Amino acid sequence: MDIAANATIEGFDNIRIYADADREKWLLWRQRWQDDRDRAGANIPIRMLAISSGSDKGAFAAGLLNGWSESGNRPDFSLVTGTSTGALIAPFAFLGSKYNPTLRAMYTTISARDIFRKRPVEGVLGGVSLADSAPLGSLIDQYLTTQIVEEIGVEHRNGRRLLVATTNLDAQRGVVWDIGAIATSSDPRKVALIRQILLASASIPGLFPPVLINVQNNGQRLTEMHVDGGTTASMFVVPTALLWSNSGGADVEAPRSIDLIYNGTLQSRYEVVEPRTFTIMERALSTAILAADQQNIAAYGEFAKRHNTRFSVWMIGLDFADDEHSLFDQKFMMSLFDYGYQKGLGNRPITKFSAPDFSPQERSNSRQR
């Protein structure tokens, strides 16, 4: 449907693009970014951080970022992307180490009641979800303040980018939102829109209700249904149209380095599955996601090799005891936060491909946050 495919948010320009958009559209987005970098004098190499989905396992990323800062090796990233729980973390990772206490609070002081309220009867009888995500919405409102949005806008003008992924269920396509472009808008609805996008990105289909976003095309008004960005892809690193490009990268400046924080494990974990319907369905779904993520990350590694990019993956290892626990169990999240903290403090990612390190001059130009 052309009307839906070309729909925009009234009052906002160039704030989103489909993850699977064609090469020309992504190159246009990339050129706008390059123009802003040139105007801001941001002539240091691009360093990218991508934070994956993972629900309560986002505690790993929160802990890792805290430990990484403590190690003194956490860089200043030019581009930060987040999906699902990664979308909730991304704004604070983007703004730097001064928001480490915020990330700690977000993932160690909350429990399930701060995220959702169960309503299983309504869900089973044909409602939109098994739980109400109003508590999560309130949590986002608490942490994603007007000041935070203004700070994101400042960094956007300085040539940096913050992207968050949702899934448009109507279109069956991933949508990448340029949060900084929204933050620099003069529209008074910008804070509310960013909060809405973050809630949508973290809205697990079936468990949480979808988020409805009003759009328009040539005066015709539509309502899109957006859910968890992880529905289409667990992470956003490289657009598909550029990932498989045969141009050799001559027209695209690839990042000098890509760090992927994967809020899960990429290794198979043996577990005896109980012969129950929902247990089998859950295990089958997690297996399918694991296989897809392994393939995608392998493709990112090949992209990095072709473009001489250092590509590192941080993930939960099999040494972390992922015992059975309820969703958003505080004790589990605190334990995983501490595990991630030690990973970051040790500064030992799983490196898939290593390109030459920065030159001394490039290192001196890269600010620590």
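1. Ground rules. Since this is a predicted model, local features need pLDDT of at least 70 and side-chain atom pairs count only at pLDDT 80 or more, while totals for chains, interfaces and linings use all residues. Residues are numbered from 1 along each chain as its sequence is written, and side-chain values use heavy atoms, with hydrogens and water left out.

2. Helix 3 against helix 4. Helices here are DSSP runs (H or I, at least four residues; strands are E, at least two), numbered from the N terminus. The axes of helix 3 (residues 58-71) and helix 4 (residues 85-95) cross at roughly 20° and come within 9 Å; axes are lines fitted to C-alpha atoms over the stretch in contact, with angles from 0 to 180 degrees between N-to-C directions. The pair is therefore roughly parallel (under 35 degrees; over 145 is roughly antiparallel, 65 to 115 roughly perpendicular, the rest oblique). On the helix 3 side, Gly58, Ala61, Ala62 and Leu65 meet Thr85, Ile89 and Ala93 of helix 4, where contact means heavy atoms within 4.5 Å. That gives five nonpolar, two polar and no charged residues (nonpolar: Ala, Val, Leu, Ile, Met, Phe, Trp, Tyr, Cys and Pro; charged: Asp, Glu, Lys and Arg; polar: the others, Gly among them).

3. Helix 3 against helix 5. Here the axes of helix 3 and helix 5 (residues 100-108) also come within 9 Å, but cross at roughly 155°, so the two are roughly antiparallel. Gly58, Ala59, Ala62, Leu65, Asn66 and Ser69 of helix 3 touch Asn100, Pro101, Leu103, Arg104 and Tyr107 of helix 5. By class, that contact has six nonpolar, four polar and one charged residues.

4. Helix 4 against helix 5. For this pair, the axes come within 9 Å and cross at roughly 155°, which makes helix 4 roughly antiparallel to helix 5. Thr85, Leu88, Ile89 and Phe92 of helix 4 make the contact with Thr102, Leu103, Met106 and Tyr107 of helix 5. The class count is six nonpolar, two polar and no charged residues.

5. The second largest pocket. About 470 Å³ of space lies in the second largest pocket. Its lining has 19 residues, with Ala7, Thr8, Arg16, Ile17 and Tyr18 the closest to its centre. Strand 1 (16-18), helix 2 (23-40) and strand 7 (173-178) each give two or more residues to the lining, and helix 2 gives the most, with four. By class, the lining divides into 11 nonpolar, three polar and five charged residues. On method, a pocket is an open set of points on a 1 Å grid over the protein atoms alone, where a 1.4 Å probe fits, with protein on both sides within 12 Å along at least five of seven lines; lining residues have an atom within 4 Å of a point. Points are joined across faces, edges and corners, and a volume is the space filled by probe spheres set on the points.
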